[in-house]
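Please read it beside the model.

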Amino acid sequence: MNKVEIIERINAFLVEEFEVDEDVIQPDSILKDTLGLDSLDYVDLVVSVESNFGVKLVEVDFVGLSTFQHFYDLIENKLKLK
């Protein structure tokens, strides 16, 4: 799976799961603010990533993660290690 496919897949489940307009999802947008994430939403996000990509995210993965680009890179790196 290439980077474009990863981004498209992430954006698709974010739009569906968090009911946001795809236009607000931009690489430099702040993930937490754009999606309105609270602590329970992070659990949903982890579950969505696991079901869509088969990779596990842990709390430390979110340290320093702020933008969608950071999130895309995280998933891409997790997939490379898989």
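## Confidence and conventions

pLDDT is the predictor's confidence in each residue, on a scale from 0 to 100. The protein chain has a mean pLDDT of 95, and 100% of its residues reach 70 or more. Confidence is lowest in H3, with a mean of 94, and highest in H4, at 97. Where pLDDT is low, predicted coordinates should not be read in detail.

This is a predicted model: local features need pLDDT of at least 70, side-chain atom pairs count only at pLDDT 80 or more, and totals for chains, interfaces and linings use all residues. Residues are numbered from 1 along each chain as its sequence is written, and side-chain values use heavy atoms, leaving out hydrogens and water.

Helices (H or I, at least four residues) and strands (E, at least two) are DSSP runs, numbered from the N terminus. Axes are lines fitted to C-alpha atoms, for helices over the stretch in contact, and angles run from 0 to 180 degrees between N-to-C directions.

## H3 against H4

Helix H3 covers residues 39-53 and helix H4 residues 68-81. Their axes come within 12 Å and cross at roughly 45°. That makes H3 oblique to H4. Angles under 35 degrees count as roughly parallel, over 145 as roughly antiparallel, 65 to 115 as roughly perpendicular, and the rest as oblique. The crossing of H3 and H4 is right-handed. A crossing is right-handed if the near helix is turned clockwise from the far one by less than a right angle, and left-handed if anticlockwise.

Leu45, Val49 and Phe53 of H3 meet Phe71, Ile75 and Leu79 of H4. Contact means heavy atoms within 4.5 Å. By class, this contact has six nonpolar, no polar and no charged residues. Ala, Val, Leu, Ile, Met, Phe, Trp, Tyr, Cys and Pro count as nonpolar, Asp, Glu, Lys and Arg as charged, and the others, Gly among them, as polar.

## H1 against H4

The axes of H1 and H4 come within 10 Å and cross at roughly 120°. H1 is therefore oblique to H4. H1 passes H4 in a right-handed crossing.

From H1, the contact uses Lys3, Ile6, Ile7, Ile10, Asn11 and Leu14. From H4 come Phe68, Gln69, Phe71, Tyr72, Asp73, Ile75, Glu76 and Leu79. The classes are nine nonpolar, two polar and three charged.

## H1 against H3

The axes of H1 and H3 come within 11 Å, crossing at roughly 135°. H1 is thus oblique to H3. The crossing of H1 with H3 is right-handed.

H1 contributes Ile6, Arg9, Ile10, Phe13, Leu14, Glu17 and Phe18. H3 contributes Asp41, Asp44, Leu45, Ser48, Val49, Asn52 and Phe53. These residues divide into eight nonpolar, two polar and four charged.

## The loop between H1 and H2

Glu19 lies in the loop between H1 and H2. Its phi is near 50°, a positive value in a residue other than glycine. Most residues other than glycine have a negative phi. Glu19 is exposed, with a relative accessible area of 71%. Buried means under 20% relative accessible area, exposed over 50%, and partly exposed in between (1.4 Å probe, protein chains only).

Glu22 is found in the loop between helix H1 (3-18) and helix H2 (31-35). Glu22 is partly exposed, at 44%. Not counting residues up to four places away in sequence, Glu22 touches Asn11 and Val15. Glu22 and Ile75 are 53 residues apart in sequence and 19 Å apart in space, C-alpha to C-alpha.
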